[in-house]
Amino acid sequence: MSGWSHRHVLDLASFSVEDFATVLELAQRFRSLPVAGARKLPALQGRLMTSLFFEPSTRTRSSFELAAKRLSAEVQSFSPSASSLSKGESLLDTARTYVAMGADILVVRHRCAGVPHSLARDLDRCGERVAVLSAGDGLHSHPSQGLLDLFTLARHFSPEAPGPASLMGRRIVIVGDVLHSRVARSNLWALTGCGADVVLCAPPTLLPECFADFVAAPPPGQRADPVAARGRVQVVRSLEEALPGADAVMTLRLQKERMQQHLLTSLDTYHRRYGLSHRRLALCGDGVPVLHPGPVNRGVEIAGELLDDPDRSLVEEQVRNGIPIRMALLYLLAATAPLPPPLTAA
Ligand code: NCD
């Protein structure tokens, strides 16, 4: 694909507007093709995608595996508890074992930030030609989720041409446990990269003030910001301040497994102040949609009736859009080697 230069996909801080445009355009093409069942696309025929998930996952893993199958790739899964890691094998040696079996793409999820990066760097040093795709690392990054959220919003604002321009100047509110969320971090890079302004809303224990500067400089290890003019980021403490004028609202799961104790006085109080409901959404205009990356704590960050309301909730749409977004990423990474023409249904 012209202009695409990423050997791995590890975060969205390194994505230019053209990169976002490339992924969204491919995803839109994949989304509109009837690719299920016998009508799979041959684009990744002969390729092997191996998923290495060291953390639980419902959506991300199945979505990657389905995306790979729809492009005719072979799929292999690794289960840490039943592996030689418990016998002391290093992560790099485990990964190289899968590469020796023919893996072309490793999809890696790990509870520690930076694991997909160091794996990619070490595999590059060993001269391996495998591509590493992060499926979520610690609190750091979840690029495919950030991209599917971007795609879902872009399709909502401009269904026929869901490119980066459809996000320009929009006000997107992200409410909830930003501190523990790799999804919020990836969304911050993606949304501001496409020119949207992001309003973050949560109590100080879940949203330190420094998040206002999150995209002000490239992350350590990256020399320059590939985006010339990003949208702004604002930190606010109440939904009453955040919601008026919003074009979309994303809420995040309270990540109890990552929290120290006493970050919240009670879940009830949290729901009263930061939980989304139809009544709360009356603070923004009619038809403003809500998103949630899942898994959801019903009745905590979002009321069940709002989550299930097809006129307001884009949650199922996010899950559906995850497949063409991951197809686009797999296609772009595997296409670093010669491939047959990908975009005609077999
Ligand atoms: C998220 C994750 O794992 O980071 N879920 C997902 O991949 N859809 C968010 C979460 O766990 O709350």
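Five strands make an open sheet in the order S7-S6-S5-S8-S9, and the pairing is parallel. Its edge strands are S7 and S9, each pairing on one side only. Two strands count as paired if DSSP finds at least two bridges between them. Strands here are DSSP runs of E with at least two residues, helices are runs of H or I with at least four, and both are numbered from the N terminus.

This is a predicted model, in which local features need pLDDT of at least 70, side-chain atom pairs count only at pLDDT 80 or more, and totals for chains, interfaces and linings use all residues. Residues are numbered from 1 along each chain as its sequence is written, and side-chain values use heavy atoms, with hydrogens and water left out.

Start with S5 (residues 171-175). S5 and strand S6 (residues 197-201) pair in the parallel sense over five bridges. Ile174 has Leu200 as its bridge partner in S6. S5 also pairs with S8, in the parallel sense and over four bridges. Here Val173 stands opposite Val249 in S8.

Strand S8 covers residues 248-251. Ala248 and Met250 point one way from S8, while Val249 and Thr251 point the other way. All of them are buried, meaning under 20% relative accessible area; exposed is over 50% and partly exposed lies in between (1.4 Å probe, protein chains only). S8 is joined to strand S9 (residues 290-291) by two bridges, and the two run parallel. Val249 has Val290 as its bridge partner in S9.

Val233 counts as buried because its relative accessibility is 15%. Which residues does Val233 contact, leaving aside its neighbours within four places in sequence? They are Leu188, Thr192, Val198, Leu200, Phe211, Ala212 and Val215. Contact means heavy atoms within 4.5 Å. The C-alpha atoms of Val233 and Asp197 are separated by 5.9 Å, though these residues are 36 apart along the chain.

## The four-stranded sheet

A second open sheet has four strands in the order S2-S1-S3-S4, with parallel pairing. S2 and strand S4 (131-137) are the edge strands, each pairing on one side only. From one strand to the next, the twist averages 15°. Axes are lines fitted to C-alpha atoms, for helices over the stretch in contact, and angles run from 0 to 180 degrees between N-to-C directions.

S1 and strand S3 (residues 105-110) pair in the parallel sense over five bridges. Ser51 stands opposite Val107 in S3. Helix H4 packs on the sheet, touching S3 and S4, and its direction makes about 165° with that of S4.

Strand S1 (residues 48-53) pairs with strand S2 (residues 74-78) in the parallel sense, over five bridges. Ser51 has Ser77 as its bridge partner in S2. From S1 the chain crosses through helix H2 (residues 59-70) to S2, and this β-α-β crossover is right-handed. That handedness means a clockwise path from the first strand over the helix to the second, with the strands pointing away from the viewer.

## Helix pairs

Two packed helices are described by the angle between their axes and the distance between the axes.

| Helix pair | Angle | Axis distance |
|---|---|---|
| H3 (residues 91-100) and H4 (residues 115-125) | about 60° | 10 Å |
| H5 (residues 143-157) and H11 (residues 315-334) | about 115° | 8 Å |

The crossing of H5 and H11 is right-handed. Their contact includes Leu147, Leu148 and Phe151 of H5 and Pro324, Ile325 and Leu329 of H11.

H3 also passes H4 in a right-handed crossing. A crossing is right-handed if the near helix is turned clockwise from the far one by less than a right angle, and left-handed if anticlockwise. Leu91, Leu92, Ala95, Arg96 and Val99 in H3 meet Val115, Leu119, Asp122 and Leu123 in H4.

## Backbone exceptions

Most residues other than glycine have a negative phi, and most peptide bonds are trans. Ser72 has a positive phi, near 70°, and is not a glycine. Ser72 sits in the loop between H2 and S2. Ser72 is buried, with a relative accessible area of 17%.

A cis peptide bond joins Gly294 and Pro295, with omega about -10°. Pro295 lies in the loop between S9 and helix H10 (304-307).
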